[in-house]
Amino acid sequence: MRARQDPVLTLHEEPAEAEVVSHRLMLRAGFIKKLAGGVYSFLPMGVRALRKIEGIVREEMSRAGALEVLLPALQPSDLWERTGRWDKYGKELFRLSDRHDRPFALGPTHEEVVTDLISQTVHSYRQLPVLIYQIQTKFRDEIRPRFGLLRGREFVMKDAYSFSADEDDARRIYGIMQESYARIFRRIGLDSRMVEADSGLIGGNLSHEFMILAASGEDTVLICEKCSWAANVEKEPDALACPKCGGPVSSKTAIEVGHVFYLGHKYSVPMEAAFLDKEGKEIPFYMGCYGIGVSRLLAAALEQSHDEQGMVWPPAIAPFRVSVLTLGPGMADRPEVQEAIRTLEDLWGEDVYIDDRDLRPGIKFQDADLRGFPYQVILGERNVAQGQAEIKIRRSGERLIVTLDSLAIALSDLYESDTQD
Ligand SMILES: Nc1ncnc2c1ncn2[C@@H]1O[C@H](COP(=O)(O)OP(=O)(O)OP(=O)(O)O)[C@@H](O)[C@H]1O
Ligand SMILES: [Mg+2]
Ligand SMILES: [Zn+2]
């Protein structure tokens, strides 16, 4: 992508309403734009980062054996009445009616829809287990939508659901999803923690949240300083010491980016969703559900990774891996510069951003730092005349000089060592 074709201009001003750094940076750098409270448009840069996260989530869901589906956002009220949630969900549920005055909801989550689907399609133990997921827009009329993508009223979630023949198998899948989540956050480049979570009124007794430690987090977690134990303070409100080892605990604020839940019969019993076991006996499905806040992750990544100059994208989810800065009039049109850009595009295709605008170098450096792509390739008069380019690594600020011929190799080596699978 070329900056000359980029319709979104960098704002270069502090958006007054933004209270947290990720929100401020995403507005300033033209990643998102507000439409209404908690409702945002994703602009080209924002969409690219979102798609990167979705890509990693899809790969890992598939590795875990989950199949992708896409369920309706528009859901008839009678489904919700069957579980009692039409009343219990309260004002957070967006409600509407069709032209015949039939009530509907815009899905905040999909347990009802998915349980209904499976009860109509899976009838025998031979078809189990079932593990499916979707990446979809959710709607929740939050009391306090705020912090940009961290708490929206319309947001992108990955939600997965499992259906097993017995509790052991449901717990086995729960374990697979825990591992999958840890892997997803590691691949994205985030430092996440799994904490014990409050299962509230849900009945099951097994629930974990995945947290990103950040000052702006709305959750509080207790972390043992001696062992690996950690819990949401909602689960252990009175813990002064670690229940596992007795060690001291410290409390930290955190952003919840994922939640896994053993549900058991909570939805299958009221919805009469059952299968026939070997003996021909009807057994309700043993269920689990597993969510990841995909659009929230975009903001959480920035909360964890930024500096005074702006965004510092983890390489695996950066909207572009590299920005090429041509300095000085006519530089972008030089044959050796065009050749260098072509080899980068051969290497990374769409992931190459070219700032070919006729602007002062200072402004182009500032924009590149603000948008925080992992590597900058700086093509200035003196270096190019000597067949060289400068690479700046955004995170460390480190700079190296390489020949134009070895540019692509140098960048792919950097990327390899900066990401993990
Ligand atoms: N309003 C929101 N905006 C963006 N992401 C959200 C929002 N609500 C939930 N999520 C994300 O979706 C995931 C799964 O949803 P879940 O119902 O478990 O969230 P939740 O417990 O309501 O979260 P929270 O306590 O933050 O409201 C959460 O872990 C979170 O990452
Ligand atoms: Mg909530
Ligand atoms: Zn401990």
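**Strand pairs and the ligand shell**

Guide: Gladly! Start where G258 stands opposite I292 in β16. Keep in mind that this is a predicted model.

Visitor: What makes β13 and β16 a pair?

Guide: Two strands pair if at least two bridges are found between them. β13 and β16 have six bridges, in the antiparallel sense, so they count as a pair.

Visitor: How do you know that β10 pairs with β13?

Guide: The same test works here, with at least two bridges needed. Strand β10, residues 207-213, is joined to β13 by seven bridges, and the two run antiparallel; therefore they pair. One spot to look at is F210, whose bridge partner in β13 is G258.

Visitor: And what makes β11 a partner of β13?

Guide: Six bridges join β11, residues 219-224, to β13, again antiparallel. With at least two required, they pair. Here V221 has K252 of β13 as its bridge partner.

Visitor: Which residues are closest to ligand 1?

Guide: F155, H259, G291, G293 and R296 are the closest of the 15 residues that surround ligand 1. Two or more shell residues come from each of β8 (154-164), β13 (249-264), β16 (286-293) and α7 (294-304). β13 gives the most, with four residues.

Technical notes: Residues numbered from 1 in each chain as written. Chains lettered and ligands numbered in written order. Predicted model: local features only at pLDDT ≥ 70, side-chain atom pairs only at ≥ 80, totals over all residues. Near = placed C-beta within 6 Å.
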